Amino acid sequence: MKKLMLLIVGTAILGFLFVSCGGGSQQKESKSLTADIENGKVIYEKVCIACHMTGVAGAASLTDKPRWEEMAAKGMKTLHNSVINGVPEGKYGVMLERGSCIDCSDQDLYDAVAYMLKEAGVSAK
Ligand code: HEC
């Protein structure tokens, strides 16, 4: 009987967590962050490199400076938001939510963007 009670309470707590974390399909907003370039390199080499090194499927390669200049003009916050939410219908291709890194934090993604801009030789506000 005690076990059953624990199970019921446990399920209730899990259910609550699930509902409170769900958040629906709202667009998430980028917060003001400070880039950690070292961490950005780690994240880039783990995930983003798959598309952004050579420019797979419309992704900008790190050597394609004109593309990065075009991106940088949008500003850091916009770029960060694009990575967080993905680019479902881009001018060049499709990027999945979080650049397909589901276990990357917002900070990780911000760092990766900052690292990539730096490698491409451009800077964004
Ligand atoms: C599966 C391939 C793929 C992966 C992995 C990927 N990207 Fe992308 N990314 C793209 C494509 C394609 C675009 C171009 C979308 C467009 O504008 O048409 C893009 C665009 C971008 C942009 C520009 C967004 C804008 O507003 O113009 C940024 C910044 C970016 N990626 C960063 C990242 C970061 C950081 C990672 C790793 C966490 C990552 N990407 C992983 C394919 C990828």
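User: A polar contact is a pair of N or O atoms within 3.5 Å; within protein, one must be able to donate a hydrogen and the other to accept it, and residues adjacent in sequence count only if both atoms are side-chain atoms. How far from an oxygen atom of the ligand is the backbone N or O atom of tyrosine 92?

Analyst: This is a predicted model, where local features need pLDDT of at least 70, side-chain atom pairs need 80 or more, and totals for chains, interfaces and linings use all residues. Residues are numbered from 1 along each chain as its sequence is written, and side-chain values use heavy atoms, without hydrogens and water. For the tyrosine 92 backbone atom, the distance to the ligand oxygen is 2.6 Å.

User: Is α2 oblique or roughly perpendicular to α5?

Analyst: Helices are DSSP runs (H or I, at least four residues). The axes of α2 (residues 37-52) and α5 come within 7 Å and cross at roughly 80°, with axes fitted to C-alpha atoms over the stretch in contact and angles from 0 to 180 degrees between N-to-C directions. Under 35 degrees is roughly parallel, over 145 roughly antiparallel, 65 to 115 roughly perpendicular and the rest oblique. Therefore α2 is, relative to α5, roughly perpendicular.

User: At what angle do α4 and α5 cross, and how does that class them?

Analyst: The axes of α4 (residues 76-85) and α5 (residues 106-120) come within 10 Å and cross at roughly 120°. So α4 to α5 is oblique.

User: Which residues of α4 meet α5?

Analyst: Contact means heavy atoms within 4.5 Å. On the α5 side are Asp106, Leu109, Tyr110, Val113, Ala114 and Leu117. Facing them in α4 are Met76, Leu79, His80, Val83 and Ile84.

User: Which residues of α3 make the contact with α5?

Analyst: α3 (residues 65-72) packs on α5 at about 135°, with axes 10 Å apart. That makes α3 oblique to α5. From α5, the contact uses Met116, Leu117 and Ala120; from α3, it uses Lys65, Trp68 and Ala72.

Terms used:
Helix = DSSP H or I, 4+ residues; strand = E, 2+ residues; numbered from the N terminus.
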